Amino acid sequence: ESGVVPYLEKLGFDIVGYGCMTCIGNSGPIDDNIANTIEKNELVCCGVLSGNRNFEGRIHPNTRANYLASPLLVIAYALAGTVDIDFEKQPLGKRADGSGVFLRDIWPTRAEIQTIENKYVIPGMFKEVYEKIKLGSSTWQTLEVPKGKLYGWDASSTYIKRPPFFDGMTRELPQIKSIEGARVLLYLGDSVTTDHISPAGSIARNTPAARYLAARGLTPRE
């Protein structure tokens, strides 16, 4: 509404999704040459995000060091092209005449920000969204839902599997017994996070998961 998006797009900031849709590299792959260079040389590459967590691999599996900053600072670091910068003393870039453009030159005043907020961040926006929140989109409304109280597990699904935890489950609580024959599912180093192992991210083609899916007729695109 404020007209800022076209200018952000010129800087390379595009809307590719909302919230969790962009996590764990889901905003898209980085250039193969860059990825190969990072892996071959074991480089620690940085990301700057205005999100809520700065895990290793949060933005992309190849970015190991991620720093939290305000949206304005995210853009400033992107313009600079490095996190190794002193904004007070070093310019973000240069003008046509060779003079430096510093962060203080482009940073909006508090009054400028509040003027935009008061004009465009209005109650009507929230009212419009929340009035329809129980209805959902037209796609949501046209979903075919099977009848019955229990979920209809599809044995051939490659997406949602019926957990064996449910096998033999009864309404009555069973007697508590010792856990026997248990095995460690994942034994990981300190730097491995949930973002590394989340099934929401891209699946490398040489992994057991990829081979399992390929054997069931799925392509990487799917």
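Which residue forms a salt bridge with arginine 162? Aspartate 167 is the partner, and the closest N and O atoms of the pair are 2.6 Å apart. The legends below return to this pair after a note on the model.

The structure is a predicted model, in which local features need pLDDT of at least 70 and side-chain atom pairs count only at pLDDT 80 or more, while totals for chains, interfaces and linings use all residues. Residues are numbered from 1 along each chain as its sequence is written, and side-chain values use heavy atoms, with hydrogens and water left out.

**View 1. The salt bridge of aspartate 167 and arginine 162.** A salt bridge is a side-chain nitrogen of Lys or Arg within 4 Å of a carboxyl oxygen of Asp or Glu. Three salt bridges are found in a search of the whole structure. Aspartate 167 counts as partly exposed because its relative accessible area is 48%, and arginine 162 is likewise partly exposed, at 43%. Here, buried means under 20% relative accessible area, exposed means over 50%, and partly exposed lies in between (1.4 Å probe, protein chains only).

**View 2. The salt bridge of aspartate 105 and arginine 95.** The N to O distance between these side chains is 3.9 Å. The pair links distant parts of the chain, ten residues apart: aspartate 105 belongs to helix 4 (residues 103-106), and arginine 95 to the loop between strand 3 (93-94) and strand 4 (100-101). Helices (H or I, at least four residues) and strands (E, at least two) are DSSP runs, numbered from the N terminus. With a relative accessible area of 42%, aspartate 105 is partly exposed; arginine 95 is partly exposed at 40%.

**View 3. The salt bridge of glutamate 131 and lysine 127.** The side chains of glutamate 131 and lysine 127 meet at 2.6 Å, N to O. About one helical turn separates the two residues, because they are four residues apart in helix 6. Glutamate 131 is exposed, at 54% relative accessibility, and lysine 127 is exposed at 53%.

**View 4. The loop between strand 3 and strand 4, at aspartate 97.** Aspartate 97 counts as exposed because its relative accessible area is 63%. Its side chain makes a polar contact of 2.7 Å with the side chain of serine 99. A polar contact is a pair of N or O atoms within 3.5 Å; within protein, one must be able to donate a hydrogen and the other to accept it, and residues adjacent in sequence count only if both atoms are side-chain atoms.

**View 5. Asparagine 62 and its surroundings.** Asparagine 62 is placed in the loop between strand 1 and strand 2 (63-68). Is this residue buried or exposed? Asparagine 62 counts as buried because its relative accessibility is 12%. A polar contact of 3.4 Å joins its side chain to that of glutamate 39. Contact (heavy atoms within 4.5 Å) is also listed for asparagine 62 with Ile30, Ala35, Ile38, Glu39 and Cys45, when residues up to four places away in sequence are not counted.

**View 6. Glutamate 42, a residue with positive phi.** Most residues other than glycine have a negative phi. Glutamate 42, however, has a phi near 50 degrees. The residue lies in the loop between helix 2 (32-41) and strand 1 (45-49), and counts as exposed at 66% relative accessibility.

**View 7. The largest nonpolar core.** A nonpolar core is a set of buried Ala, Val, Leu, Ile, Met, Phe, Trp, Tyr and Cys residues joined through side-chain atoms within 4.5 Å. The largest has nine residues: Val48, Ala69, Val74, Ala76, Tyr77, Ile85, Phe87, Leu92 and Leu103. Helix 3 (residues 71-80) gives the most to this core, with three residues. Leaving aside neighbours within four places in sequence, phenylalanine 87 is in contact with Leu73, Ala76, Tyr77, Leu92, Phe102, Leu103 and Arg104.

**View 8. Asparagine 26 and serine 202.** These two residues are 176 residues apart in sequence, and their C-alpha atoms are 7.0 Å apart in space. Asparagine 26 is located in the loop between helix 1 (5-10) and helix 2, and is partly exposed, with a relative accessible area of 34%. Residues up to four places away in sequence aside, asparagine 26 touches Cys20, Met21, Ala200, Gly201 and Ser202.
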